[in-house]
Amino acid sequence: MRERFRAGDPAALGEAYDEHARVLHRYALRVCGDPATAEDVVSAAFLEAWRCRRSLRPDGGSLRPWLLGIATNVLRGTAREARRRDAALARIGDRGVLPDFADEVVSRMTGAEQLAAARTALERLRRRDREVFALVVWAGLDYASAAEALGIPVGTVRSRLSRARERLRTLAEAELRARRRTGAPAAPHRPATEESL
């Protein structure tokens, strides 16, 4: 299928979508936390893959690592756009909009406190550690495939993943203790800041 995809065969694009779209969607959803954004990421990733299909190496197996690498880049752009949008909205100020109680309802669901603590902790990781964690743990790539997706050596994937797991465990435990101590509701998901990248 790789050769057919590179050659521009529309049937190969359909096969690639059927085979990999769900994995890309799960990966994007876990990274961004929003189903609609995850769908947009999948669409943009396949569009970009089709546009730059000639850059796909002719040798190799599954398209999954390559597609996940593209999805990672799309997610980076999405996070940048969200930061710009949030900054612009902050400059506009409050216009008397009614509050959205959805976050409060979600915070009362079972496990929401732990999920919020984990998401907050994940956002505090450096971007490169967060990306390796998401590709290996959430997307299920092996080290070599994650290295291919990110364009880095396998040893770098191993060291970043080890560092990310340890730091994530420490940060999530601290965040969960802080939330329980203060009785704070689950915080809504916010894109990572420049400092955490």
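Helices (H or I, at least four residues) and strands (E, at least two) are DSSP runs, numbered from the N terminus. The structure is a predicted model, in which local features need pLDDT of at least 70, side-chain atom pairs count only at pLDDT 80 or more, and totals for chains, interfaces and linings use all residues. Residues are numbered from 1 along each chain as its sequence is written, and side-chain values use heavy atoms, with hydrogens and water left out.

The chain has 9 helices and 0 strands. From the N terminus, its elements run α-α-α-α-α-α-α-α-α. Of its 197 residues, 37% count as buried (under 20% relative accessible area; exposed is over 50%, partly exposed in between; 1.4 Å probe, protein chains only). The chain exposes about 11,600 Å², an area from the Shrake-Rupley method with a 1.4 Å probe. Carbon and sulfur atoms supply 53% of that area. Contact means heavy atoms within 4.5 Å. Among contacts with a separation of 6 or more, 71% join residues 24 or more positions apart.

Helix H7 (residues 127-138) contains Glu 131. Glu 131 counts as buried because its relative accessibility is 9%. Beyond residues up to four places away in sequence, Glu 131 touches Tyr 27, Thr 72, Arg 76 and Leu 150. Asn 73 lies 58 residues from Glu 131 along the chain, with 9.9 Å between their C-alpha atoms.

Helix H4 (64-92) and helix H8 (143-150) each supply at least two lining residues. The largest share, 7 residues, comes from H4. By class, the lining has 5 nonpolar, 4 polar and 3 charged residues (Ala, Val, Leu, Ile, Met, Phe, Trp, Tyr, Cys and Pro are nonpolar; Asp, Glu, Lys and Arg are charged; the others, Gly among them, are polar).

Cysteines were also examined. A disulfide is a pair of cysteine sulfur atoms within 2.5 Å. By this rule, the count is 0. Cys 32 counts as buried because its relative accessibility is 12%. Cys 52, at 23%, counts as partly exposed.
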